[in-house]
Structure formats: C-alpha cells, structure tokens
Amino acid sequence: MSSRNSFCLFTNDVETTSIWFNTLRDETGKKVLEDGMPKLLELYQYYNIKSTFFFTGYIAKKFPEVVKMITPYGHEVASHGKSHLIENGFDVMPYERQRRHLEESKKLLEDISGQEVISFRAPALRVNDDTVRALIETGYKIDSSIASQRFDYFMSFGGIKKLKWLFAPRFPYKTSKRSLFKKGEGPIVEVPLSALFLPYVGTTMRIFPLLTSVQGTLLNLENKINGKPIVFDIHPNELIDESNEVRIIHRRSKYFLSYFIKDYLRSKLKTKNLGSPCKHLYSSLIEYYVKNGYKMSTIKEYCKETGLL
C-alpha cells in the first residue's frame, strides 16, 4: 500500500421503499427503523466505519429516530431529497420545485440531527441541468448522484438521461455551474458512485455476488494506480425480510414494456438475498477493504481530507 490513504466510502440511502412489494410503504419504513438500520449500525460499529446516510425527508419526518440513531456513532447525515415518489425525481421537477425540496429536506434533517447537512444524493440518481443550480442556491456543497460508466439505465426510471453517466469523469471533481456531469469551476463537489458497467451497489451484490467480487478486485486495482476512492451504496431495506407477507408487484409504468422491465423483471431480480443473507454478503465485502488497508470515512470527511472542500 502506498503512503497516501486509500478510501472506501460506504454510503446508505434511507427511504420507505419496499423491495419485496416494489412500492413505498410506511410499514417498510418502520422495519427499516427497527431492523434494517440497527443491523447496518452494528456492522459499521464492528468494523469501526464512519459512513454517510442519505435520508429522504419523508422517512425523516415519519420516523425521526431513524436519523437520530446514527449521530452518536459519528456518521454523516445527508439529504436524499424530499421523497422517493416518481414525480419527485429531480430530472422532471422544474428548478423552483427542486430548490424547495432541497431547502425543506435540509432544514428538516438539520433540525432533527443538529448537524449541518451539505451532501446530497438524488432519489434513483435522477438529476437534470437545473439540479446543480438548485444545490448551489440552497447551501449544499457535495453531490453523489452520478455513477460514472454505469450502463443499466434501461432498468431504472429516468433512463435516457442517465446515458450521460457513460461520459462523466470517474474521479471526484468540482462540477460545472451548469451540469453535475461535467468538470468546472463551480462550488459543488461531485463524488461519483463506483461502477464498472454495472453499479457497485447492494443490489448487484445480492443478485450477482461473484460479479461484485470481480468488481471489487478491479476497483481495488484502479485505486492502487490512481487513488480513485471506492464508493459503495446500500439500503437498510435490503437487510430486512418481508417475504412472510403475500407479494403483489405494484405497477408504476403505464406502458407494458416499461412495466415488464422496470417493475416486473426488476422487482423479481431485486428480491434475491434480502435480509440476513444480505448482511452476510455485505460483511464479507467490508472485510475485503479492511484487509486491504482502506480508510472508511464519510463523504464529507473524504472531501475535506483530500482538499476538495
């Protein structure tokens, strides 16, 4: 290992999405609070990890304890927008509505946690060219909504606009004042999520554990060459098990092909290895980076230590 730090940033999107039912449910939010989050915090405490948690305003308002429970451990509280509703995607909302959502989410999370909130990740990573201006105007300093060289856009909402991921810089960068996808002289720091064609996230880890192991090896090699941080994303709802309930796949797409790919097929794949198997897989992934001497910090701490902030 070189003298410089190798960083692995474990990040978490906290919301009321039920993977089992493919919809938003308050019942799932309660299970995240009572089961999913405690499991994640237990893992992070065991491995002495500081992590960033991106909360939707909806789950924070509904279950404020889900935010409060991370603060004693030194984790970062960050914004995941106001809600995960499809119509609240930052790629479809106009500027003024984006700004309002960012302001309301920031204030709510700061009031609950007592922390300054400066980091943002868009729900479903959906952004447009108004998003960077809205972030600047509402006092955010860091974004982590870009997944450089990720290519599974056809499986998610806002897919066509996500083609820009293919050409986005891989290394963290100061963004343009006009686009999160481009380098520039703007005040927002972009910390891209790791991807090698497929995203380096909990979903891939659960569906394709062997592939995720290969991704980790290649990302580790890339880090040794140029110091690029590894940024992994997981959801506490992946660590809960709702399979004791009868499953109905809710349709969110009005066109059949879109429904088949983004709702039916995607929801079938995404239910693999939920609950305890996910915790086991995640523990093994974390151990790989512990053994390779990585520093595991919050996104905010990474940006400060590397001079990006």
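Student: Start with Ala 124. Buried, exposed or in between?

Tutor: Ala 124 is partly exposed, with a relative accessibility of 33%. Keep in mind that this is a predicted model.

Student: Where is Ala 124 in the chain?

Tutor: Ala 124 sits in the loop that runs between strand S6 (119-120) and helix H5 (131-137). Its phi is positive, near 60°, and the residue is not a glycine.

Student: What about Gln 149 and its phi?

Tutor: Gln 149 has a positive phi too, near 65°. It lies in the loop between strands S7 (142-143) and S8 (173-174), and its relative accessible area of 23% makes it partly exposed.

Student: Now the core. Which residues touch the most other members?

Tutor: The largest nonpolar core has 72 residues, and those touching the most other members are Phe 10, Tyr 44, Phe 53, Phe 55, Val 66, Ile 234 and Tyr 282. Helix H1 (residues 26-46) gives the most to this core, with seven residues.

Student: How far does H1 reach, end to end?

Tutor: From first C-alpha to last, the 21 residues of H1 reach 29 Å, close to the expected 30 Å.

Student: Where does H1 bend?

Tutor: At Val 32, by about 45°. Val 32 is also one of the buried residues of H1, which include Gly 36, Met 37, Leu 40, Leu 41 and Tyr 44. After the helix comes Asn 48, with a positive phi near 55°.

Student: And Phe 53, what does that touch?

Tutor: Beyond its sequence neighbours, Phe 53 has contacts that include Met 37, Leu 40, Leu 41 and Tyr 44, as well as Ile 70 and Val 77. Phe 53 stands opposite Val 77 in S5. Strands S4 (residues 52-55) and S5 pair in the parallel sense, over four bridges.

Student: Which residues of S5 are on which side?

Tutor: Glu 76 and Ala 78 are on one side, Val 77 and Ser 79 on the other. These four are all buried, and both faces of the strand are covered.

Student: Last one, Ile 234. What is its relative accessible area?

Tutor: It is 0%, so Ile 234 counts as buried. The residue is in strand S12 (residues 230-234).

Student: Which residues does Ile 234 touch?

Tutor: Among them are Thr 11, Leu 40, Tyr 44, Cys 278 and Tyr 282. Thr 11 is 223 residues away from Ile 234 in sequence, with 6.4 Å between their C-alphas.

Methods
Residues are numbered from 1 along each chain as its sequence is written. This is a predicted model: local features need pLDDT of at least 70, side-chain atom pairs count only at pLDDT 80 or more; totals for chains, interfaces and linings use all residues. Side-chain values use heavy atoms; hydrogens and water are left out. A nonpolar core is a set of buried Ala, Val, Leu, Ile, Met, Phe, Trp, Tyr and Cys residues joined through side-chain atoms within 4.5 Å. Buried means under 20% relative accessible area, exposed over 50%, partly exposed in between (1.4 Å probe, protein chains only). Helices (H or I, at least four residues) and strands (E, at least two) are DSSP runs, numbered from the N terminus. Contact means heavy atoms within 4.5 Å. The expected span of a helix is 1.5 Å times one less than its number of residues. The bend at a residue is the angle between axes fitted to the seven residues ending there and the seven starting there. Two strands pair if DSSP finds at least two bridges between them. Lists of a residue's contacts leave out its neighbours within four places in sequence.
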